[in-house]
Amino acid sequence: MPGHCDDPGNDAADRLAREAACPGKTHPFRPLLTRENAHIRRKIGAQWEHEWTSSTKGGHLRKIDNTLPTAHTRKLYGTLPRNRAYLFTQLRTGHNWLSTYAKTFGFREDDQCVCGAQETVTHVLVDCPRLRELRRELRREVGDAFNSVSSLLGGSTESEKGKPDTTSRAKTVNAVLDFAEASQRFRSRAPRGQPNNGSGN
């Protein structure tokens, strides 16, 4: 420091600091454990994100929630009893008893809803005319969240500022689960001789 010029100790400390800052300079000191842990966490996170975004699987879930599963997702599941967490997983992953998914396993010959359209999670939640009355109640309970399937199912985006409102999302998710249960579309439709979990909930 300029105020401590001509002090042998300060001059030595300044010289050593300049040398240590040179590119490629090595020293015998071990790095801090906290720094190493943070570096490892960053590398794991980057690898996980790369695998998540480049995977050919999980496309339905990435459309709903394009970020890595994080604390807010765990909180949403953590507030749910097991049967509703199971139903929530069906809605978010698309692995359910709707015709579109059941057809891929040969349980159905077509992927049509009772209304004639392709039966998907989005169709059941937003479009199916047979569920109009139930949907009116869902709209009333979730408000603006109804404008996005991602919002209905607790999704988040990287562009969001601040922490997600977990309480509001949990309320929305519970309203959606009430709707899904009342619709009876997510009950097991496995043919006889196949695994059947009763209500599917």
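Among contacts in the protein between residues at least 6 apart in sequence, what percentage join residues at least 24 apart? The figure is 54%, where contact means heavy atoms within 4.5 Å. Welcome to a quick tour of this predicted model, in which local features need pLDDT of at least 70, side-chain atom pairs count only at pLDDT 80 or more, and totals for chains, interfaces and linings use all residues. Residues are numbered from 1 along each chain as its sequence is written, and side-chain values use heavy atoms, with hydrogens and water left out.

**Overall build**

- The protein has ten helices and zero strands; helices (H or I, at least four residues) and strands (E, at least two) are DSSP runs, numbered from the N terminus.
- Of the 201 residues, 29% are buried; buried means under 20% relative accessible area, exposed over 50%, and partly exposed in between (1.4 Å probe, protein chains only).

**Nonpolar core**

- The largest nonpolar core holds 28 residues, and Leu-91, Leu-153 and Phe-186 have the most contacts inside it. Such a core is a set of buried Ala, Val, Leu, Ile, Met, Phe, Trp, Tyr and Cys residues joined through side-chain atoms within 4.5 Å.
- Two or more residues of this core come from each of H5, H7, helix H8 (132-142) and helix H10 (166-183), and H10 gives the most, with seven residues.
- Beyond its neighbours within four places in sequence, Leu-153 touches Ile-64, Phe-88, Leu-91, Arg-92, Val-121, Leu-125, Val-173 and Val-176.

**Aromatic pairs**

- There are two aromatic pairs. Rings of Phe, Tyr and Trp (its six-membered ring) pair if their centres lie within 6.5 Å; planes under 30 degrees apart count as stacked, over 60 as edge-to-face and the rest as tilted.
- Tyr-77 and Phe-88 make a tilted pair, 4.8 Å centre to centre with 50° between the planes. Tyr-77 sits in helix H4 (residues 71-78) and Phe-88 in helix H5 (residues 82-93), eleven residues apart.
- Tyr-77 is partly exposed at 25% relative accessibility, whereas Phe-88 is buried at 0%.
- Trp-97 and Phe-107 are stacked, 5.5 Å centre to centre with 20° between the planes. Trp-97 lies in the loop between H5 and helix H6 (99-104) and Phe-107 in the loop between H6 and helix H7 (121-127), so this pair ties together parts ten residues apart in sequence.
- Trp-97 is buried, with a relative accessible area of 14%, while Phe-107 is partly exposed at 27%.

**The two sides of H8**

- Arg-135, Leu-138 and Val-142 are the buried residues named in H8. Seen down the helix axis, the buried residues of H8 fall within an arc of 55°, so they line one face; the arc is that of the directions from the helix axis to the C-beta atoms.
- Turned away from the buried side of H8 are the exposed residues Glu-133 and Arg-140.
- Just after H8, Gly-143 adopts a positive phi of about 60°.

**Cysteines**

- The whole structure contains zero disulfides, a disulfide being a pair of cysteine sulfur atoms within 2.5 Å.
- The sulfur of Cys-115 is 3.7 Å from its closest cysteine sulfur, in Cys-113, which is too far for a bond. Cys-115 is partly exposed, at 28% relative accessibility.
- For Cys-128, the nearest cysteine sulfur is that of Cys-113, 3.7 Å away; Cys-128 is buried at 0% relative accessibility.
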